[in-house]
Amino acid sequence: MCNKIQTTKMTEKENTKVVIKAFVAAFMLGILIGFVIFPSYSQPPEAYYSCELNSNLTYEHLEETILNITMPHEYVANVFDCSEGAAYLEWYLENNGFDTVIATKGDHAYVIVRLKRGSYAINTAPIHFYHPAYYNYTYLEPDDVFEDIYEACKCSWYAEWNWWTVVPN
Ligand SMILES: [Ca+2]
């Protein structure tokens, strides 16, 4: 009788292990299939950067460019928030010749534009841009800096940056 109970308990334990293993396997398979079927989710579109940097651009050029940008998506937490907004802005400014990096401080993401005469931190969240001239300059000392989208996706969870998956083509 005792033996029988022990055997039953062992079987339950083994069953649990099998179920856990199956879940882990299904999860891993799901990720793998996700990468194969939906590579755009984790990979930036081709020819992401198609413009040469222009070192002659000035603060006035930056100001003019920023004030004319329309964000492609409204602010939605975890969908298009500060990180997707920053990644989009880095892409946009780079493709207008500005040397731009994605920066993070705590859990906030924004961009820094490097011009000959100084750097400017620019925020995209929650809704509108802060004028760089009025921005809090402590943001020029970020925790992390990513030179481009590839570095951001490699060093940090890519789903934070993949704005192209939520913005219509
Ligand atoms: Ca860059």
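## A hairpin to start with

Let's begin with β1 and β2, which form a hairpin with 2 residues between them. In the turn, G106 has a positive phi of about 60 degrees. Strands here are DSSP runs of E with at least two residues, helices are runs of H or I with at least four residues, and both are numbered from the N terminus.

This is a predicted model, in which local features need pLDDT of at least 70, side-chain atom pairs count only at pLDDT 80 or more, and totals for chains, interfaces and linings use all residues. Residues are numbered from 1 along each chain as its sequence is written.

## Who faces whom

Strand β1 covers residues 99-105 and β2 covers residues 108-115; they pair in the antiparallel sense over 7 bridges. (Two strands pair if DSSP finds at least two bridges between them.) Across this pair, A103 stands opposite Y110, and I102 has V111 as its bridge partner.

Strand β1 also runs antiparallel to β4 (residues 144-146), joined by 3 bridges. Here T104 stands opposite D144.

## The whole sheet and its helix

Now put the strands together: 4 of them form an open sheet in the order β3-β2-β1-β4, with antiparallel pairing. At the edges are β3 (118-122) and β4, each pairing on one side only. From one strand to the next, the twist averages 30 degrees.

Helix α4 (residues 82-94) packs on the sheet and touches β1, β2 and β3. A contact means that the C-beta atoms of two residues, placed from the backbone, lie within 7 Å. The direction of α4 makes about 20 degrees with that of β2. Such angles run from 0 to 180 degrees between N-to-C directions, using axes fitted as lines to C-alpha atoms, for helices over the stretch in contact.
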